[in-house]
Amino acid sequence: MPEEELVELKFRLYDGSDIGPFRYSPASTVATLKERIVSDWPKDKKIAPKAANDVKLINAGKILENNKTVGQCRVPFGDLPKGVITMHVVVQPSLAKAKAEKKVDVAPRKNLCSCSIL
């Protein structure tokens with residue numbers, strides 16, 4: 001593949017720091033990008049993803065789906081083929097994990113019901 005076909009991406013974290021830039025083929029999937037982000041995540045950050053499913057990528061205001069390719073997610077920016085595209089990274093644990101943690105924190109409810117028949 002010719003080098004000019006590669007897309008240059010960097011990933012902006014919640015605190016304004018960046019991971020990258022890296023070059024990817026337009027055929028690379030969003031899931032591949034997420035795995036790279038998790039593996040290259042800075043160790044000194046308080047919030048860190050545990051798995052690729054905990055990461056959400058946002059480009060041009062849209063959350064990217066894992067099965068889409070970089071070429072499908074790329075928004076045309078006129079005639080700027082060599083520009084670096086910045087994608088925003090949001091760490092969000094999966095709902096199953098969040099619900100499991102929430103159930104542990106909630107105090108058990110007592111059934112307080114009283115009926116009177118007159």
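Reader: Hi! Leaving aside neighbours within four places in sequence, which residues is His 88 in contact with?
Author: Hello! His 88 is in contact with Arg 12, Lys 56, Leu 57 and Ile 58, where contact means heavy atoms within 4.5 Å. This is a predicted model, where local features need pLDDT of at least 70, side-chain atom pairs count only at pLDDT 80 or more, and totals for chains, interfaces and linings use all residues. Residues are numbered from 1 along each chain as its sequence is written, and side-chain values use heavy atoms, leaving out hydrogens and water.

Reader: Thanks! And where is His 88 found?
Author: In strand 5, residues 85-91. Helices (H or I, at least four residues) and strands (E, at least two) are DSSP runs, numbered from the N terminus.

Reader: How far apart are His 88 and Lys 10?
Author: In sequence, 78 residues; in space, 8.6 Å from C-alpha to C-alpha.

Reader: New topic: which residues of helix 1 are buried?
Author: Val 30, Leu 33, Lys 34 and Ile 37, in a helix that covers residues 30-39. Buried means under 20% relative accessible area, exposed over 50%, and partly exposed in between (1.4 Å probe, protein chains only).

Reader: Why are they on the same side of helix 1?
Author: Because they cover an arc of only 100° around the axis; the arc is that of the directions from the helix axis to the C-beta atoms. An α-helix has 3.6 residues a turn, so residues three or four places apart point the same way.

Reader: Nice! What do those buried residues pack against?
Author: Strand 1 (7-12), strand 2, strand 3 (55-59), helix 2 (70-73) and strand 5.
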